[in-house]
Amino acid sequence: MDEVVKMTNISKSFGGVQVLYDVNFDVRAGEVHALLGENGAGKSVLMKTLMGVHRPDSGDYVISGKKVRFNNPTEAQRNRVSMVYQEFGLVKYLTVAENIFMGRLPSRRGMIRWGYTRQRAAEVLKSLGSDIPPATVVGDLKVADQQEVEIARALSYDPVVFVMDEPSAALSYDEIGHLYELVNTLRDQGVAIVYITHKLNEVFDIANRCTVIRDGHIEGTYDISELDLSMLVEKMTGKQVSAQIVREDTYKKPKANIIELHGLEARERDKEIYSGVNLRVGKGEIVGVAGQIGAGKTELGKTIFGALPKTFTIKGEMIFDGEGIDLKKLSPSSAKKMGIGFVTEDRQAEGIVAEQSVLFNTILPAFHRVTRGFVIIGRMARDLVRGVIKDVALRPPEPNRLVKFLSGGNQQKVVIGKWLAAESRLLILDEPTRGVDVGAREEIYEVIRQQVREKGLGVLLLSSDLREIMIAANRILVMRLGKITHELLPHQTSERQLLHFVLGEEAEAEAEAKAEAKESKKK
Ligand SMILES: Nc1ncnc2c1ncn2[C@@H]1O[C@H](COP(=O)(O)OP(=O)(O)OP(=O)(O)O)[C@@H](O)[C@H]1O
Ligand SMILES: [Mg+2]
């Protein structure tokens, strides 16, 4: 098969720290090549050196038989090498169409052809199964739709080499279905595709080959048919994987609730976002809310944190630690004072200050713990941040590193870490481990469990990652189209059954349950 991309001996360091060591990597025409590795392994940097975002220290790039070295992404795109970046680069106040054709808006005699631009944008979006109106302002879109716009923009360059850096992280199941279709179509057209992901099951769904990178070194390249999941994890981490994930198989009812919601309802103008939500989280309990992206989980989390925009009307009752809360007056700052923490799904918009250090970001919500009066106690701050860095397995473990220089997954760890440091009483986690690698994910669950056990922390885990829900939650609620539809215990259900519930396939879920009961009887 033709090698469309061939990279040889690529090395790269930043300020004396080497992150890529003589990397060799090739991609063939008409293949989906998964690029895998732990957070900070060097996946994004490698592909950005190809795109001309970063300048490599050494190494050669050959594309379709020709030696190239792109100085910037525009040059790469002109040569039909295109990338969907892990961190969005959209301009929030411009429209979808403007973002897709930024820097090359179709014009005639010096006039931009707006109608044509929108029509072209609509075509590109349609080819990926999306019906986002091209005239929408990007800032008004939810994260999943922004991801689709990112993909559409990269696609509009008509690539022969298409790099996707965690394209599915923010997508729901339906949207991932569309993404797969798109990837398959491109593959059939002979495009060489690089697919970076931490959702390892995707590798088996769509990839032909995969390359594993560990600490900047290539570990190996494999045909997917040679591998299974545990082999893959071993190659990524360099460690033997533990056979079974430990999970308690009894449910202990908590003695008291940290939060109760009764008949909660939110509308945005005429549109119902969620309604009839009854929910309680005990002290020392992790309640998982499983649901598709768009089911209303994020809005529910924001309601409890007082962070829903004013355009929403909220009804219903919230009781926090035995006291009724006036939801109309609740704001993020009063929620924080009460001891509510919120790990948001959109880390770029709300989670972190990228221009600041890990230390700064970590002490932000934990200010009261490192100040006396108005004075920040440097030693206390450093101790605190060291603890957090260890807890979330941050790499590199440097408090003074600017967050923007961390890998995507490590940025997410900072978001989680800062809220753990705040010692909240209720922690709301919205898609907390998106983009975090398997090993670090386990460590993060363990730290959370520890605070749950030892400090009586209550956790509301909002996630579309059903494996995450199954592993981390003590009790599961299913949310679908703005309603809580089921309550389950993780040891009495299976991931497949949960998926059916999440998708609203009641009959299939029942069949699944029956099959399982039969299976366990046999044993
Ligand atoms: N602009 C930069 N300046 C300095 N160091 C950087 C920069 N960009 C990345 N790094 C470092 O390079 C290493 C590799 O990062 P990279 O973003 O490629 O990781 P990754 O494999 O994509 O991880 P993730 O799965 O978390 O996205 C990390 O140690 C990171 O901190
Ligand atoms: Mg990355």
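Me: How do strands β11 and β12 pair, in the parallel or the antiparallel sense, and over how many bridges?
Reply: In this predicted model, β11, which covers residues 209-214, and β12, which covers residues 217-223, pair in the antiparallel sense over 6 bridges. Arg 214 stands opposite His 217 in β12, and in the hairpin of these strands, with 2 residues between them, Asp 215 takes a positive phi near 45°.

Me: Which way do side chains point in a regular strand, and in what order do the 4 strands of the open sheet stand?
Reply: As a general idea, side chains in a regular strand alternate between the two faces of the sheet. The open sheet here has the order β14-β13-β16-β17, with antiparallel pairing. Because β14 (271-282) and β17 (323-325) stand at the edges with a single partner strand each, one side of each is left without a neighbour in the sheet. On average, and with direction ignored, neighbouring strands of this sheet are turned by 5° against each other.

Me: Which strands does helix α9 touch where it packs on the sheet?
Reply: Helix α9, residues 297-304, touches β13, β14 and β16 (312-320), and its direction makes about 65° with that of β14. Between β13 (residues 257-268) and β14 there are 8 bridges, and Arg 267 stands opposite Glu 272 in β14.

Me: How many residues surround ligand 1, and which are the closest?
Reply: Ligand 1 is surrounded by 20 residues, of which the closest are Gly 40, Lys 43, His 198, Ser 407 and Gly 409. A polar side-chain atom of Lys 43 lies 2.7 Å from an oxygen atom of the ligand, while for Gly 42 a backbone N or O atom lies 2.9 Å from an oxygen atom of ligand 1. Of the 640 Å² of accessible area that ligand 1 has on its own, the protein covers 88%.

Notes:
Residues are numbered from 1 along each chain as its sequence is written. Chains are lettered from A and ligands numbered from 1 in the order in which they are written. This is a predicted model: local features need pLDDT of at least 70, side-chain atom pairs count only at pLDDT 80 or more; totals for chains, interfaces and linings use all residues. Side-chain values use heavy atoms; hydrogens and water are left out. Two strands pair if DSSP finds at least two bridges between them. Axes are lines fitted to C-alpha atoms, for helices over the stretch in contact, and angles run from 0 to 180 degrees between N-to-C directions. Contact means heavy atoms within 4.5 Å. A residue is near a molecule or strand if one of its heavy atoms lies within 4 Å of it. A polar contact is a pair of N or O atoms within 3.5 Å; within protein, one must be able to donate a hydrogen and the other to accept it, and residues adjacent in sequence count only if both atoms are side-chain atoms. Accessible areas come from the Shrake-Rupley method with a 1.4 Å probe; for residues, only the protein chains shown count as cover.
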